[in-house]
Amino acid sequence: MSTTDAAKPNRREQILTAAAELFARHGFHGVGIDDIGAAVGISGPALYRHFRSKDAMLGEMLTSISERLLDGGLARVDASDGPEDALRALVGWHVDFALDDPALITVQIRNLANLTDPDRRRVRALQRRYVEVWVETIQRTVREVDEPTARAAAHAVFGLINSTPHSAHLDRDQMAALLSRMALASITTTGVLEEDPSPVV
């Protein structure tokens with residue numbers, strides 16, 4: 001097998017990619033098996049040779065997203081040179097994921113409730129582990145920050161970065177640079193994560 005052939009997505013990957021685009025555009029319940037089959041050039045029933053149901057397809061898709069985020073985050077933290085470098089690497093990783101796979105980000109945000117209970121528990125567990133990678137890194141970088149604040153900050157940064165499917169008005173590199181600067185500034189700017197005792201007027 002040539003390098004080019006090895007790099008080609010297999011049929012399951014093609015189906016998941018097409019399904020993600022359709023789910024992101026029309027919603028999970030707005031897409032039928034025939035729609036997904038047509039997108040990859042096969043009949044709807046032929047999809048059952050690869051996935052037992054549309055629910056199973058969504059479960060594998062969201063589990064895969066969560067595994068990729070977690071594995072990529074852990075690898076970048078492990079390879080980093082200190083807490084600040086780890087935080088920059090985490091931000092860069094999540095920004096790249098959101099910009100390169102906007103359909104997957106959209107499906108992940110909108111369709112957790114459509115998973116079967118076992119798949120939902122699996123995805124939730126992976127997501128919690130990914131959040132903890134961020135919480136630990138934020139606390140190592142900004143040492144005065146308590147755990148609840150670090151966790152809230154991580155989720156706020158996810159919200160910022162994950163909004164890119166709806167707000168990418170710049171080219172890819174410019175958007176990546178902007179999101180990275182905004183995310184890092186929101187966490188590391190002096191005093192941002194500290195409680196402000198003064199009342200809001």
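Me: In which helix do Arg-88 and Asp-85 both lie?
Reply: In this predicted model, Arg-88 forms a salt bridge with Asp-85, with the closest N and O atoms 3.8 Å apart. Arg-88 has a relative accessible area of 45% and Asp-85 one of 26%. The two residues are three positions apart, about one turn of the helix, and that helix is α5.

Me: Is Asp-119 buried or exposed?
Reply: The side chains of Asp-119 and Arg-122 meet in a salt bridge at 2.6 Å, N to O. Arg-122 is partly exposed, at 41% relative accessible area. Asp-119 has a relative accessible area of 10%; because buried means under 20%, Asp-119 is buried.

Me: How many residues apart are Glu-60 and Arg-12?
Reply: Glu-60 and Arg-12 form a salt bridge whose closest N and O atoms are 2.3 Å apart. Glu-60 lies in helix α4 (residues 54-78) and Arg-12 in helix α2 (residues 11-26), so the pair links distant parts of the chain. Their separation is 48 residues.

Me: How many salt bridges does a search of the whole structure find?
Reply: Salt bridges also link Asp-96, Asp-100 and Arg-172 in a network. For the whole structure, the search finds 10.

Terms used. Residues are numbered from 1 along each chain as its sequence is written. This is a predicted model: local features need pLDDT of at least 70, side-chain atom pairs count only at pLDDT 80 or more; totals for chains, interfaces and linings use all residues. Side-chain values use heavy atoms; hydrogens and water are left out. A salt bridge is a side-chain nitrogen of Lys or Arg within 4 Å of a carboxyl oxygen of Asp or Glu. Helices (H or I, at least four residues) and strands (E, at least two) are DSSP runs, numbered from the N terminus. Buried means under 20% relative accessible area, exposed over 50%, partly exposed in between (1.4 Å probe, protein chains only).
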